[in-house]
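Good morning, and thank you for coming. Please keep the sequence and the structure in view while I speak.

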Amino acid sequence: LLAACALAGPAQAAPFAYIPNSSSGTVSVIDVANDTVTATVNVGTNPYGVEVNPAGTRAYVANSGSGNVSVINLATNTVVATVPVGNTPTGVAVNPAGTYAYVANYAINTVSVIDLATNTVTAVVPVSSRPYGVAVNPVGTYAYVANYAANTVSVIDLATNTVIATVPVGSNPSAIAVNPAGTRAYVANLTSDNVSVIDLATNIVAATVPVGNGPMGV
């Protein structure tokens, strides 16, 4: 699985990057001002996805091998909670309000919704086959899930936690990102070597961009 990183928000005293190390079950904390590792945090088994909340106070790490999410206090670089989710969690995204996290459970075709005030799963959303990456739009109304085996993106209405659209994309979509304006989503398709550009007003692919071999991140 591809390792992921996320930048801490402006509440941090200095900018840091958080890198999950899948084989060692740790997260490396890098001070990006001087490119040095300042801490190593023990998390679950095979950590894959990581996301920092908008306040820059917590990082959420999806541990694909242990079926849970580690919650890291970024002031102390310690795990303060562990949240059980589904089997093989991969992607994780936090909404702009910092109130919920959305975790793609690759092996069981669901997305777990975590209430970040209580660190408990409050909903489970069925999606298509092998959900991998997940992203939330800038206003926190929709989540977009790249379904690796189904070659689709599921669109989740976050007010109801239901799938309202399914968008065909390229082969084996692995990663997804939404632009700051919330008008486009970009999907890295691993085995078709391209990026699908989804118009989020219509949930239709507006363009397909050829890239290099095996794109996994965006």
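I shall describe a group of neighbouring strands and then a salt bridge.

This is a predicted model, in which local features need pLDDT of at least 70 and side-chain atom pairs count only at pLDDT 80 or more, while totals for chains, interfaces and linings use all residues. Residues are numbered from 1 along each chain as its sequence is written, and side-chain values use heavy atoms, with hydrogens and water left out.

Let us begin with strand E14, residues 142–147. Strands (E, at least two residues) are DSSP runs, numbered from the N terminus. Of the 6 residues in E14, 5 are buried; buried means under 20% relative accessible area, exposed over 50%, and partly exposed in between, with a 1.4 Å probe and protein chains only.

Which strands pair with E14? Two strands pair if DSSP finds at least two bridges between them. Strand E13, residues 131–136, runs antiparallel to E14 and is joined to it by 5 bridges; here Val134 has Val145 as its bridge partner. The hairpin of E13 and E14 has 5 residues between the strands, and Gly140 in the turn has a positive phi of about 75°.

Strand E15, residues 152–157, is also antiparallel to E14, with 6 bridges. Tyr144 stands opposite Val155 in E15. In this second hairpin, 4 residues lie between the strands, and Asn151 takes a positive phi near 60°.

Finally, the model has 1 salt bridge, defined as a side-chain nitrogen of Lys or Arg within 4 Å of a carboxyl oxygen of Asp or Glu. Asp199 pairs with Arg184, their closest N and O atoms being 3.7 Å apart. Asp199 belongs to strand E19 and Arg184 to strand E18, 15 residues apart. Asp199 is buried at 18% relative accessible area, whereas Arg184 is partly exposed at 27%.
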